[in-house]
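This report goes through one protein model, from the overall make-up to individual side-chain links. Please keep the structure in view while reading.

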Amino acid sequence: MQRPVPSRAGRCGRRAARGFTLVETLITVGIAGVLSGIAYPSLESQVLRARRSDALVSLMQAQLAQERHRANHRSYGDLAAIGVRPTSLSGHYTIEVAATAVDSYELVATATGRQAHDATCQTLRLAVAGASVVYASGPDAAASNAAALNRKCWNQ
């Protein structure tokens with residue numbers, strides 16, 4: 001009696017059903033690495049931009065507090081006088097009153113912690129003199145960004 005010879009198709013089918021090869025796995029990991037390398041910088045810039053809104057909200061609240069203080073005291077005041085915290089709501093920025101006068105003041109928000117990686121918009125400056133308001137931003141205390149970059153920092 002002769003034994004039946006297994007067909008090649010049967011052996012290949014069993015071999016393919018065992019799983020992925022090392023090469024297939026490495027290719028998949030490589031593709032995932034490239035995709036994450038492309039996506040991460042975009043994600044990080046969006047996170048920095050979202051955290052920047054924390055400073056904008058805090059500066060606007062301080063501006064309102066300054067105007068409320070001036071209505072009651074005929075001058076602008078420091079953070080303690082106007083009742084504003086020295087940090088933003090989420091703690092990504094420090095807030096300070098850089099200068100005050102009878103008819104003007106200047107508020108500055110400086111990035112701290114991980115937000116300090118926001119190289120172009122690390123400092124946000126809001127200056128009020130009489131009826132004019134000036135918004136400035138920059139990588140340092142000088143807040144000397146060009147107009148287009150300044151609008152980007154202030155989400156305008």
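How much accessible surface does the protein chain have, and what share of it belongs to carbon and sulfur atoms? The accessible surface comes to about 10300 Å², and carbon and sulfur atoms account for 60% of it.

## Overall make-up

The model is predicted. Its protein chain has 156 residues, of which 28% are buried. Four helices and four strands are present in the chain. Along the sequence they follow the pattern α-α-α-β-β-β-β-α.

Taking contacts between residues at least 6 apart in sequence, 42% join residues at least 24 apart.

The four strands form an open sheet, with the order β1-β2-β3-β4 and antiparallel pairing. The edges are held by β1 (93-100) and β4 (132-138). Each of these two has a single partner strand, so one side of each is left without a neighbour in the sheet. On average, neighbouring strands of this sheet are turned by 15 degrees against each other, direction ignored.

Seven bridges connect β1 and β2 in the antiparallel sense.

## Salt bridges

How many salt bridges does the structure hold? There are two. In one of them, Arg52 is paired with Asp118, and the closest N and O atoms are 3.0 Å apart. This pair links distant parts of the chain, 66 residues apart. Arg52 belongs to helix α2 (residues 22-73), while Asp118 sits in the loop between β2 (104-111) and β3 (123-129). Arg52 has a relative accessible area of 4% and is buried. Asp118 also counts as buried, at 4% relative accessibility.

Another salt bridge is formed by the side chains of Arg125 and Glu106, with an N to O distance of 2.3 Å. Arg125 is in strand β3 and Glu106 in strand β2, so this pair ties together parts that are 19 residues apart in sequence. Are Arg125 and Glu106 buried or partly exposed? Arg125 is buried because its relative accessible area is 17%, which falls under the 20% limit. Glu106 is partly exposed, its relative accessible area being 22%.

## The disulfide

The count of disulfides comes to one. Cys121 and Cys153 are the residues joined, with an S to S distance of 1.8 Å. The link of Cys121 and Cys153 is left-handed, with -75 degrees about the S-S bond.

## The loop between β2 and β3

Two of the links described above involve the loop between β2 and β3. Through Asp118, this loop is joined by a salt bridge to Arg52 in helix α2.

Note on methods. Residues numbered from 1 in each chain as written. Predicted model: local features only at pLDDT ≥ 70, side-chain atom pairs only at ≥ 80, totals over all residues. Heavy atoms only, no water. Buried < 20%, exposed > 50% of the residue type's maximum accessible area, 1.4 Å probe, protein only. Contact = heavy atoms within 4.5 Å. Areas by Shrake-Rupley, 256 points an atom, 1.4 Å probe, with all protein chains shown as cover. Salt bridge = Lys/Arg side-chain N within 4 Å of Asp/Glu carboxyl O. Pairing = 2+ DSSP bridges. Axes fitted to C-alpha atoms, helices over the stretch in contact; angles between N-to-C directions. Disulfide = S-S within 2.5 Å.
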